[in-house]
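Please examine the chain shown below before turning to the questions. The answers are meant to be read alongside it.

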Amino acid sequence: MSIVETADAEGSVSLHQRILSDISERIMSGAWAPGHRIPFEHELSTQYNCSRMTVNKALSQLAKAGLIERRRRSGSFVRRPQSQAAVLEIHDIRIEVEALGLPYRYERVARHKRRSSAEDRALLELGAAGPVLALECGHFAGERSFAHEQRLINLTAVPEAADEEFVAIAPGPWLIGRVPWSEAEHRIRAVAADRHIAAALDIEAGAPCLVVERRTWSADHPVTHVRFTYPAESHTLVARFRPSQG
């Protein structure tokens, strides 16, 4: 066994993760645009001083995550990563990002407690004015913005949310862990990014976006209204149906 192969056997995990991280970062930062050819396996093997088996494992994982496309005899090329979210599920965005093989990061942008406005009451379907918590959050895949979140929480239904800063945890998983929801409604539409959303997602104003709005209730009490905005080219919604019986 050669010295290179010995080093690879002892450090294959760290080298594998380093290759994944380096290539993912170049793709997500835009340094390697869609269509860019990834260096061949033997080139990466030389660059990282490891076996081709380690390189092949990393490239296979990147292909499975949808970041690259492997073409027989032609090599590997950058693809636009697409996240697939089930239309009827309430899920954690962290899971979407990690399914792409990318590191997830959450950031709370703004937090305001206030008495509900007419617009707030319409979004939450509240019958009367009351306290609400308005949140604005960012979700990232690597260094790239993945989704922008705008959320209202009905503090009458979830009073403990008034004391939560939502700095260390996103409001979605926090609510799922504390409030048993009994009903949910999804609305999906396409929009052009306004200046605020364009800045939040680091895209051009007017760029197409996919908006997923959701309301949830617990025992007939409105709990939250949330609006997730995604760059349209990087997100796909999926639903599977069965024919009705009878």
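Predicted model: local features only at pLDDT ≥ 70, side-chain atom pairs only at ≥ 80, totals over all residues.

Residues are numbered from 1 along each chain as its sequence is written, and side-chain values use heavy atoms, with hydrogens and water left out.

Q: How many helices and strands does the chain have?
A: Helices (H or I, at least four residues) and strands (E, at least two) are DSSP runs, numbered from the N terminus. Counted in this way, the secondary structure comes to 7 helices and 11 strands.

Q: What percentage of the residues of the chain count as buried?
A: Buried means under 20% relative accessible area, exposed over 50%, and partly exposed in between (1.4 Å probe, protein chains only). The chain has 246 residues, and the buried share of them is 44%.

Q: What is the strand order of the open sheet of 3 strands?
A: Two strands pair if DSSP finds at least two bridges between them. Strand 1 (37-38) and strand 2 (68-71) are the edge strands, each pairing on one side only. Strand 1 pairs with strand 3 (residues 75-78) in the antiparallel sense over 2 bridges, and Arg-37 stands opposite Phe-77 in strand 3. The pairing in this open sheet is antiparallel, and the order is 1-3-2.

Q: At about what angle does helix 3 run to strand 2?
A: Axes are lines fitted to C-alpha atoms, for helices over the stretch in contact (heavy atoms within 4.5 Å), and angles run from 0 to 180 degrees between N-to-C directions. Helix 3 (residues 52-64) lies across strand 1, strand 2 and strand 3, and its angle to strand 2 is about 120 degrees.

Q: Why is strand 6 described as largely enclosed by the rest of the structure?
A: Strand 6 pairs in the antiparallel sense with strand 5 over 11 bridges and with strand 7 over 10 bridges. Ala-134 stands opposite Leu-152 in strand 7. Strand 6 (residues 131-141) is largely enclosed because its buried residues number 10 of the 11.

Q: Which residue in the turn between strand 6 and strand 7 has a positive phi?
A: Strand 6 and strand 7 form a hairpin with 2 residues between them. The phi in question is about 65 degrees, and it belongs to Gly-142.

Q: Which residue forms a salt bridge with Arg-70?
A: A salt bridge is a side-chain nitrogen of Lys or Arg within 4 Å of a carboxyl oxygen of Asp or Glu, and by this rule the count comes to 15. For Arg-70, the closest N and O atoms of the bridge to Glu-41 are 2.6 Å apart. Arg-70 lies in strand 2 and Glu-41 in helix 2, so the pair ties together parts that are 29 residues apart in sequence.

Q: In which strand does the bridge partner of Arg-108 lie?
A: The side chain of Arg-108 meets that of Glu-165 in a salt bridge (3.3 Å, N to O). This pair links distant parts of the chain, with Arg-108 in strand 5 (residues 104-115) and Glu-165 in the loop between strand 7 (144-154) and helix 6 (171-178), 57 residues apart. Arg-108 is partly exposed at 28%, as is Glu-165 at 41%. The bridge partner of Arg-108 is Cys-137, in strand 6.

Q: Which residue makes a polar contact with the side chain of Glu-96?
A: Glu-96 is found in helix 4 (residues 93-99). Glu-96 is buried yet has no salt bridge, the nearest side chain of opposite charge being Arg-214, 7.8 Å away; here Lys and Arg count as positive and Asp and Glu as negative, while His and the chain ends are not counted. A polar contact is a pair of N or O atoms within 3.5 Å; within protein, one must be able to donate a hydrogen and the other to accept it, and residues adjacent in sequence count only if both atoms are side-chain atoms. At 3.4 Å, the side chain joined to Glu-96 is that of Tyr-230.

Q: Is Gly-172 buried or exposed?
A: Gly-172 is placed in helix 6 and touches Glu-149 and Arg-151, not counting residues up to four places away in sequence. With a relative accessible area of 14%, Gly-172 is buried.
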